[in-house]
Amino acid sequence: MKWLKAISQNIWSKLGPIWHRWQFGRLLIILFLTIFLVTSAYLVILAKTSNVKNLEATLSQTTTVYDDQGEKAGELYSQKGTYVSYNKISQNMRDAVLSIEDRNFYHEYGFSVKGIARAAVLLVKNKLTGSNTISGGGSTLTQQLVKNAYLSQEQTFTRKAKEIFLAMQVEQDYTKNEIFTMYLNNAWFGHGVWGVEDASQKYFGVHASELTTSQAATLAGMLTSPAKFNPIDHPAASTARRNLVLTTMVENKKITSAQGATAKATTDTLNDTYDDSGNYKYPWYFDSVINEAINTYGLTENDVMNRGYKIYTTLNQEDQSNLQTDFNNSALFNYVNDAQAASIVLNAKTGGVLAVVGGRESTHTFRGFNRANQSQLQPGSAIKPMVVYAPALQRGYSINSKLPNQSTSFGTNNYTPNNAMNVETADVPMYSALEHSYNIPAVYLLNKMGVEVGYKSGIKFGLPLSTKDKNLSLALGGLTKGVSPQQMAQAYTAFANGGVMSDAHYITKIVDASGKVIVSTPKAKQTQVISSKVANNMTRMMLGTYTDGTGVGSAPSGYTIAGKTGTTENPNSTDNATSSKDSWAMAYTKDIVQATWMGLEGNNTGSLPLGLTSTMGPLVKTSLEQILPNTDQTKFTVTNPNTTSTNSQSNDLWSTIQDDFNTGVDKAVDGAGQLWNSVKGLFGN
């Protein structure tokens, strides 16, 4: 070792003068103090800006969802259970927790000096062994509380420092009993249970105020690791841990030796009376609310589930409950059980979602795939009103304009569409082409107007088209990616609402646990995508879908609806010309819009039955008969062109004259002549 000492003296003899000359020692001290000061300032600011005063309200309240009438619809929570006050927690439980977790809780200021020293030693040890974590050590009940409430679970030194400063702030704002109550109500006890009250119900079937010494020791022993020490999965380990807790209770003079011995000899009977059913009773809707809070308003899932918010929505509980029940009825899908489905109902005037179901399932997956608003499906002919017929009306076509319906090739690539079942007819009026969903007239129109016209119209209606969709198959809903039922329903609000499209949404307001409004009532975004005249004429054409066209047999009894159906071929089928993969039903009144889809997923090589009545027609009919009585039942101001009464003919003719006026005075004059002849006919001339 003399050689090492000699080398160090030699080095210091050369560096010493430089060290003293430039006062590196003082510079290091200044640097250390600066870092300490900046770090301390940061941690103090963190503690002061964490809204600690709101902690109790946040932990004690569950996030509540309200419907469109302001009535409670359910609750959202994950890391939260039934909150109970301090005096509703048995003395046995208090003594057990203090004995095993933090016996000096009432004598320290949020942190333990001994605990910090122990953590520091472990830190040095872990650094020497190549570990970057702190393996336990030093956390008081207050620190555990703020860790669960504010911080991540990683055991880094930085998190430990934040934990200490936050714990000090909590100690400043709350009494010891309040902190203890928050801790036990926010503790994890395994098996999906948070909080001492629900844990008492889950494991022993009693309230937290009724826990015996043995039961309390069992629950207290689980706090460090519910996975290892819960009595359901690991009864032997749980009993051993319970006995250790009882021993510490005797040592801390919380119970006598005799009481400890009696408790150790006790065999507790497990009894699960925990019930959390009913709180998440509208899973598809609540999932969508959470997603919108995250994606639109910048909250996190943890915020939404655990911050005690009040979330006001556009939900209609009766419609939602009925729709969920309908989806469980296979008869409404004609017992086609290998197909999936989704449906969504919007308020036509505001775009507020009244009800939504995202799939046919036996067990719901929390925030699982929702086909109603997350899917990319081929819309088939349901897209025709947005990309073909609405832009055609805007360019002077009339609903009575005659369109060819014989097989023809279009464009430079000779695109040749066929009607369903290869039906061909003489030229048909435009309204008939739409209600019967003929493909040839639709492609003819798009080709005449130009694909760019249809593409831009689809974009205006909010459809997620790509430049690859700029081809004639756009007229038939052959898209590169696809659309969701929610996007389709949103687009159809323009037809129901005088040409004004309302963006679909679920949330109207969010209030935090302290009563502060963090999302004020947002005004639904509305866009005038077509004129009211075009919207009315589109409705006139679509009134025939459910009376004379492809939706016959699926209309709700006693109500007048407009809409459009859609069907796609199955590319996985060996005979896809006569197979069906997707079936769509768009239906609307002046009050609501419903989009319903049913289809085969994946590489299914089968085929849906052809025709709406053979697939989900019963569902459409039944659900609308449940939904429409809950609306204002606003009547359409236009008539079905298929109506044969004299008055209706006169009204339709007058509408035709108004349309023709856009294409020139000559047509208007000709139409006026027709009207005059009709008037004379009324008087027998």
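Me: Where is the place of S484?
Reply: S484 is in the loop between α20 (451–460) and α21 (485–496); helices (H or I, at least four residues) and strands (E, at least two) are DSSP runs, numbered from the N terminus. This is a predicted model, where local features need pLDDT of at least 70, side-chain atom pairs count only at pLDDT 80 or more, and totals for chains, interfaces and linings use all residues. Residues are numbered from 1 along each chain as its sequence is written, and side-chain values use heavy atoms, with hydrogens and water left out.

Me: Why does S484 count as buried?
Reply: Buried means under 20% relative accessible area, exposed over 50%, and partly exposed in between (1.4 Å probe, protein chains only). S484 has 2% relative accessibility, so S484 counts as buried.

Me: Which residues is S484 in contact with, leaving aside its neighbours within four places in sequence?
Reply: They are A372, N373, Q374, S375 and W584; contact means heavy atoms within 4.5 Å.

Me: And why does V552 count as partly exposed?
Reply: V552, in the loop between α22 and β12, has 39% relative accessibility, so V552 counts as partly exposed.

Me: What is the order of the strands in the open sheet?
Reply: The 5 strands have the order β5-β4-β14-β13-β12, with antiparallel pairing. What makes β5 (353–357) and β12 (562–568) the edge strands is that each pairs on one side only.

Me: How do you know that β12 and β13 pair?
Reply: Two strands pair if DSSP finds at least two bridges between them. Here 7 bridges join β12 to β13 (residues 582–588), and the two run antiparallel. T565, for example, stands opposite A585 in β13.

Me: Which helix lies across β12 and β13?
Reply: Helix α22 (residues 532–542) does, running at about 65 degrees to β12. Axes are lines fitted to C-alpha atoms, for helices over the stretch in contact, and angles run from 0 to 180 degrees between N-to-C directions.

Me: Which strand gives the most to the lining of the largest pocket?
Reply: β12 does, with 4 residues.
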